Amino acid sequence: MAEDKYQIRVKGHLGQEWSVWFDGLTITNVEQGEAILSGVVVDQAALFGILLKIRDLGLPLLAVNHVEPHREDLKEGK
Amino acid sequence: MIPTVENNTLYYHENGRDQQITVGTSDWYAWLATATSFRFRNEHATFTARRERASNRRGGWYWKAYHTQEGKRQRIYLGKAEDLTLDHLNAVTQTLAQTTPMTASSTAALTALPAAVRAPANLLLDTKLHIPRLRASLVRRSHLIERLQQGMEGSLLLVSAPAGFGKTTLLAQWLTESGIRAAWLSLSSEDNDPVRFLSYIIATLQTLDSAIGTTALTLLHASASTPLKAVLAILTNDLASHERGRVTLVLDDYQVVTAEPIHRALAYLVEHAPSQLRLVIATRSDPPLPLARLRARGQLTELRAAELRFAPSEANVFLHEVMGLDLSIEAVITLDDHTEGWIAGLQLAALSLRGRADVVGFLAAFTGSHRFVLDYLSEEVFAQQPASVQSFLLHTCILERMTGPLCNTLMEREDGQVMLEAIDKANLFLVSLDDERQWYRYHHLFAQVLRARLQQTTPTVIPELHHRASRWYEQNGFIIEAVQHALSASDFERVADLIEPIGLMMALQGQVQTVLSWFNALPDPVIYARLLLNVYYASVLLLSHNIEACIVCLQEIEHRLPVDRSSVQVRRVLGMAAILRATIALYRGDGSRSVTLAQQALDLLPETEQIWRLSARVHTIRAHFLSGDVRPTSIDWVPEVVTSVCRSGDFLNALSSIVMLARLQMMQGRLRQAAATCERVKQLIPEQQVFEGIAGNAAHSFILGEIRYEQNDLVESERLITQGMRLTGETLLIDARSLIVGYTTQARLQQALGKHEQALETLDAFITLARERHFLSWMIDRVAALRAQIELAQGNLAAAAHWAQESGLTTDDRDLSYLHERKYVALVRVYIAQGQKDHKSALLQGSLQLLYRLQQEAERVARMGSALEILILRALVLDVLGEQQQAIHVLEQAVTLAKPEGYVRPFADEGKAMGRLLTQLQATGHGAQRYLQTLLAACEAGDPASAELTPPVKNASPKLLQPLIDPLSQRELEVLRLLAEGASNAVIAEQLVVATSTVKRHVSNIFAKLAVGNRVQAVARARELAIL
């Protein structure tokens, strides 16, 4: 089964210790004071779980992107 | 397994073997010296005994008995080990049984308990109903308070913003300042059970006025499948008639609600809100309500993040006056700017700045950082705390709410209360939940940060913390919270221990969803390892309409039972499983299997399981519906069972036994007695609204509807059948036989009212339903026969003849048992019509023989209801055969049988032919002229236009001088005479020098005995009977 990768962009840099809290997503702090949480999310329920954690921290949410696997990867996968 | 004492013997497991010790022997006392707990069970109650250290710390060990009832724990001191004799332990259960209305043979049958004996509020946490206490010094936000005040003009106030914007504080401040008395509810995630949610709503409304919602609450807990709409309708009704002005209801933290039925309930409340209700919702995300529509109608006032942010002036007041800092105005503006007015951020910044000399350095570092404000500052603040505070914060953050003793258990220290007060004083995001400084919670944001930190630093301690919290909650009687923490600790054995004694009871009282979610969280092996828990799981599955899953669960139980099935425990479980299967069989219309299973259950269940045994006995009543045998000597045991069930408080079972007794009486042709039996439900639940809202009531509405139909009270019959149909729509769990009564009576009603097409559609709908639910074929056959009969009455002889041919029935058939009777009476009607048309006297002669035999069988087993219909048909056949004199003679017998009971429809449904015969009978100068007149009028009302206008026969019926089966007592006669004078209950109470409640009871007894529904009818009926 193809696993779904997501990138979630929030406002404000986050310490690496938050990674465990966000189900092991990788935290990358980028320019303009934004952070990107990225990694494999098992399903929609898990995705919403993460979004709710973001809501409950009052962390401003900027974007949620589904990362399309490369076409080559798809071919290999099949 | 917990060691258990039962039948004077201790059963436990040790060294891989089952062990037994007789209570009171030296072995028993030796065992007690090493044991920490055991369970004690007898016919009165069950309790868990625990060995505990005496609280004064000087004494040695003592035993205490814990007894859980509706989630509330009772504690009784048992004494030292040497005091634990059998007599003493038995005496304790009697004390428990007396203090608890329902002996906690925690194994109630698959039905509900009467609402009156329960106190569901015990399951609720009072702290959730308090407006959080305000801190002494606050920023006064007058412009927002003004907005809120204006919002009171509309119906909904929505405060929607992320965490940390001061929603709760603002609302508390507004309510305190304005002096508005509000009902407050702080929601938490375990409130996602609609029944629990509504219980809380009602509980909080009752803090304003204890009269609000009492009826709705009763209904909510009356059974496991109460339609929420009915509860809400009653509640809004209560609010609408609330006379003390406005009712303000605040729901804080609504974002935790995820259950769809709760959103729907809320939408209903908003949509149907009476003008008295103001709803205030504080939430982190917008609720799924039609907000746009409410906005357009001007009924919605919103406060959102933009309005809630601190303006620089407010930040200034906050930092100086609330947080006690001395900052330059530039510093304030910088902070407000960098936190974007986020109050939680400003508070963290202020905490970091406390006692720091280098303000400029801090500000530069803070504003220079791109880090998320919460992340950056909470780390700063945390690092500044002494180690003891850090450790306290980190460990107690797993709690939703905390109190000193709970923190002590968690920290294994004694300074919980001191720590909490110190943290509160330091303004470290602690919210005080009551005025007594007993319960607190961390601000949600701060709790999140702490939990993330705990998870990152020492995740291994988390289960142990939850375990300790669970133990504390259990010992203090908060079982729901104890279960939640045990689940968080993944301590499934503990969850199982906790839910075994109370889970089924909770589900029966409405919290099916909560209990089901607990069971679902348990790994299968944990459930399977415990027979009793397993059978409770099956019960809860059945209560939640999961019939297929219930069957799988039952199979699993039977599969795992030991080969040796002779032990009491195994027999008990088998007995309970048999009752569940008997109930399932019933939903499929397989009455005979249901009876067989119930009889098996009676053999298996120990005498101590009184409630389950009663449930089995109620099931066995159905045997008579199969055999058709209603001789007084055959059914004399039934009234006694009905009385026992009614006394047991097992409401749904009581209801169903009453309906069955009424059905038996109808089979006996005793319409009036059947109606009086139906009235007995009023003694169970006097509140009409509650009664009408209970799904199990459908069967009752149907049978009473049928009785009223037979008496030609079409208006009342239609009302009852419609009510029953509405209730069946809400639940799948209804006895298939009751559904037949409902659908066939509805079809007959529609036919009588000239709604011919609808009558056939009703029967077709039943047949479709019966096929979907796999009802037994005889049920479908029976309804198909009625369908043919109705088509015949509509003049469609061809269709009816087709049915007769397809049915394969003949007048010579030998098996005329009760199950087939309906088909043969339909067949005879078809033959009468064919005989009349084609002069086929052979068919008619055959019919006559068939009717003779049917009548013999009916009379042999005292089924006079059937005998009446057969006599009527015989008269009609004889009439067509030209045997006028004989026809009149037979009809006379029918009239004699029918008159005392007020039957009308069995004659009227036969139409014009019957009308002619009745006229002839009248011409003979028959004594019952007025009754015959009534029957004639009903027969002639065959055309639709006049049918609806026919007054119900109840009013037109002749005076029936018949002694009451259950005569009125002297006191009831006194009450009746005063009633006749128009006295109110209060006046009667005064005259007779008794309590009003006593008068009410007498009045309802009088109604039941006279088979009437109100005072006017009672007086009229009493005059008819010459009692008055």
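**The second largest pocket**

Modeller: Four helices, α2 (44–56) of chain A and α19 (444–457), α20 (462–475) and α21 (479–488) of chain B, each give at least two residues to the lining of the second largest pocket. (Helices are DSSP runs of H or I, at least four residues, numbered from the N terminus.) This is a predicted model: local features need pLDDT of at least 70 and side-chain atom pairs 80 or more, while totals for chains, interfaces and linings use all residues, and side-chain values use heavy atoms, without hydrogens and water. Residues count from 1 along each chain as its sequence is written, and chains are lettered from A in the order written.

α19(B) supplies the largest share of this lining, 6 residues. The pocket holds about 1400 Å³ of space. (A pocket is an open set of points on a 1 Å grid, with protein on both sides within 12 Å along at least five of seven lines; lining residues have an atom within 4 Å of a point.) It has 43 lining residues, and Asp56(A), Ser189(B), Glu400(B), Gln448(B) and Arg451(B) are the closest to its centre. By class, 16 are nonpolar, 16 polar and 11 charged. (Asp, Glu, Lys and Arg count as charged.)

Now the cavity. The model has 7 cavities of 30 Å³ or more.

Conventions: On a 1 Å grid over the protein atoms alone, a cavity is a set of points where a 1.4 Å probe fits but cannot get out, and a pocket is an open set with protein on both sides within 12 Å along at least five of seven lines; lining residues have an atom within 4 Å of a point. Grid points are joined across faces, edges and corners, and a volume is the space filled by probe spheres set on the points.
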